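This report covers selected local features of one structure.

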Amino acid sequence: MANFFEDNADLRWYFTRGLDWGALVRASEHLPLTGPYAPTSADAPKSIDEAKELFGDIARAIGELAGDEIAPHAAEIDRDGVIFEGGEARFPTRLEAVTKAVSQMDLHGLCVPRELGGMNAPMALYYLTSEIFARADVSVMAHHGFHGGMALAMLLFSIREGSTELDADGRITKTRFEKEIREIVAGKAWGCMDITEPDAGSDMAKLRAKAVLGDDGVWRVTGQKIFITSGHGKYHFVIARSEDTKDSDDPMAGLKGLSMFLVPTYEDLPDGTRKRVVSLDRVEEKLGHHASVTAALSFDAAPAHLIGERGQGFEYMLLLMNGARVGVGFECIGLCEAAVRLAEAYARERVSMGKTIDRHEMIADYLDEMRTDVRGLRALAAHATFHEEMGQKLDLRRRARKAEDPELDRAIRSHRARSRRATPLLKYLAAEKAVEMARRCVQIHGGVGYTTEYGAEKLLRDAMVMPIYEGTSQIQSLMAMKDTLSAVMKRPRAFVQRSADARMRAISSRDALERRVARLQVLESDVVRLLLVRTASDKLRSVREAPITEWVGTLSKNWNPKRDFAFAMLHAERLTRVLSDVLIAELLLEQRREDPAREELLVRWLERAEPRCRYLHDEIESRGQRLLDELAQAEAPASRAAE
Ligand SMILES: Cc1cc2nc3c(=O)[nH]c(=O)nc-3n(C[C@H](O)[C@H](O)[C@H](O)COP(=O)(O)OP(=O)(O)OC[C@H]3O[C@@H](n4cnc5c(N)ncnc54)[C@H](O)[C@@H]3O)c2cc1C
């Protein structure tokens, strides 16, 4: 008997002390965030402690399912893959049995509001337990996620477009996709997100699938989508081009012409039968994730339902972006946990040169770093999920109340800012660490790591896609860089003040660990300043001498992001690593304030983060000009020709 929740003390800590479940439950139950907890629904938990106990029980049951019914079959379902026959995809017997066992736990409605047949649990519970599923098998986790996740996306879209009616507390009285949501909650359907096309992945402005509004008032979508996870589902959220927005000066103009649609796979015919209107052209043969359908789809005038208004497709996609990145973050953590445990178990048994290999210094160092990293990542993921959920739930509360509430607005802004800061860092670091840890797991196994016998190579194959989907690592880095630098340029005084505070704490704090975290924060602001100075000096050399508070006016004129940001773009990934290291250190310091037992983790984290950040700072300071000059030279003939 294995239980992937019971055996994980760090994960369990987030169910007892590590997350503010009181705030999450109150937000989910439409109750005031302070004062006595007095639930208004008969089905709501009677107290926060009862809620925590219930969530722990659910996680325990999932831990047992993952440990006993999914993980033991992971090698078999990886070997068997999925079946593509006669234009349909289906699961082989074992995978079908595993996904059925997951469905029978009635988890698809875990976070769906009670009014729609769900359990109304906080999203944080879904995310934390998705780590448990992913540790057993990432493909099973992904397919599970395209049930509840799609139901909640339907709800979120409908709330945003105004087709959901709420009572004064924020409970749903009517919503556009109620039938579809109930079908998904019952485990009878799932959905998928269709964005990528053969010529457009990271560059969404190049999407070509077309949506046309017919004289009969029906939208129809035509085009191809590729790499669609669980694309054999019944409901497709499709981003398609409904407007022409040509502008040769603005490479992003193409984004404004996109709209979001819900496209059902089948059309119901008058004789009671149904016809497939979205063709499943093929199921990709991939390096890993073999038990997950990755579909290539064709739409040939498929009837579609517009979501929101024309041209708002990119905006609607952004609504899901943070949540989706948090989801991939937890998926990566599940895989990291599997890699650490597999490597540790092998290293404890394998003897080389007179002792088990976990006693050899280099291997011990790998294992120590892996153990520290997975816990640091979990702290970052828990922080991101908390603020993403609070931002969304309080926004729903504000929409329901309609009246002005500046305090609520401030709280929403603060949660959103924290979620936005944390999510690209989480997606970036968790995905990169998943690959690194899976590779180390193979290495620690030596020759047998390269065979299929122990499952280490499966982890590496499964991990390799993590830095690619849901926004590549490079795209996450560019977003983190853009957000960081533009925040400083918009509010330079706040940046200067924050740097000065950190410098003061680095010297004067009585707490040695707080001083160390503050020194890291100083290093982060030095990196940001360095990037800004170099970026700005490429545009305007004189800005170097000006105080940072005067940059805004000077820099806001005649800006060319392609040319002027070259230095920052070159170092975006290094900056992202520094930002992630520092944020995790800050979070672990906060955790230590709440629970002194977390000090040991903070110390371990700092031990590795400090030299890493110093190295990254030096790399940014000393490298890159030669390459940028070469790139500029290569671009010069092209831009002259364009003129
Ligand atoms: C298993 C799997 C499942 C997937 N599931 C889905 C799904 O459900 N729905 C969906 O819509 N899509 C899905 N995708 C597609 C995935 O999101 C894309 O593959 C991804 O966005 C990258 O796009 P691309 O493959 O076109 O690569 P490209 O965009 O061509 O990128 C190639 C490389 O260039 C880099 N690059 C691109 N632009 C820049 C830049 N400006 N600066 C620096 N580097 C850059 C990228 O980081 C990458 O390393 C899935 C893919 C896979 C493999």
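In this predicted model, a polar side-chain atom of Lys-286 lies 3.0 Å from the backbone oxygen of His-289. Lys-286 belongs to the loop that links β12 (278–283) with β13 (294–307). Leaving out residues up to four places away in sequence, Lys-286 touches Ser-292 and Thr-294. Asp-462 is 176 residues from Lys-286 in sequence, while their C-alpha atoms are 9.5 Å apart.

Ser-158 is part of helix α7 (residues 138–161). Beyond its neighbours within four places in sequence, Ser-158 is in contact with Ser-163, Thr-164, Thr-175, Arg-176 and Phe-177. The table sets out the accessibility of the two residues.

| Residue | Relative accessible area | Class |
|---|---|---|
| Lys-286 | 25% | partly exposed |
| Ser-158 | 0% | buried |

Helix α6 (residues 123–136) has 14 residues and spans 20 Å from its first C-alpha to its last, close to the expected 20 Å at 1.5 Å a residue. Of the 14 residues of α6, 14 are buried, so the helix is largely enclosed by the rest of the structure.

In soluble globular proteins, nonpolar side chains tend to be buried together. The largest nonpolar core here holds 155 residues, of which Phe-15, Trp-21, Val-221, Phe-261 and Val-263 touch the most other members. Helix α11 (residues 406–445) gives the most to this core, contributing 16 residues. Not counting residues up to four places away in sequence, the residues touched by Phe-261 include Trp-219, Val-221, Phe-237, Leu-306 and Ile-307. Another core, of 35 residues, lies apart from the largest one, with Leu-116, Met-193, Ala-200 and Leu-396 among its members.

Note on methods. Residues are numbered from 1 along each chain as its sequence is written. This is a predicted model: local features need pLDDT of at least 70, side-chain atom pairs count only at pLDDT 80 or more; totals for chains, interfaces and linings use all residues. Side-chain values use heavy atoms; hydrogens and water are left out. Helices (H or I, at least four residues) and strands (E, at least two) are DSSP runs, numbered from the N terminus. The expected span of a helix is 1.5 Å times one less than its number of residues. Buried means under 20% relative accessible area, exposed over 50%, partly exposed in between (1.4 Å probe, protein chains only). Contact means heavy atoms within 4.5 Å. A nonpolar core is a set of buried Ala, Val, Leu, Ile, Met, Phe, Trp, Tyr and Cys residues joined through side-chain atoms within 4.5 Å. A polar contact is a pair of N or O atoms within 3.5 Å; within protein, one must be able to donate a hydrogen and the other to accept it, and residues adjacent in sequence count only if both atoms are side-chain atoms.
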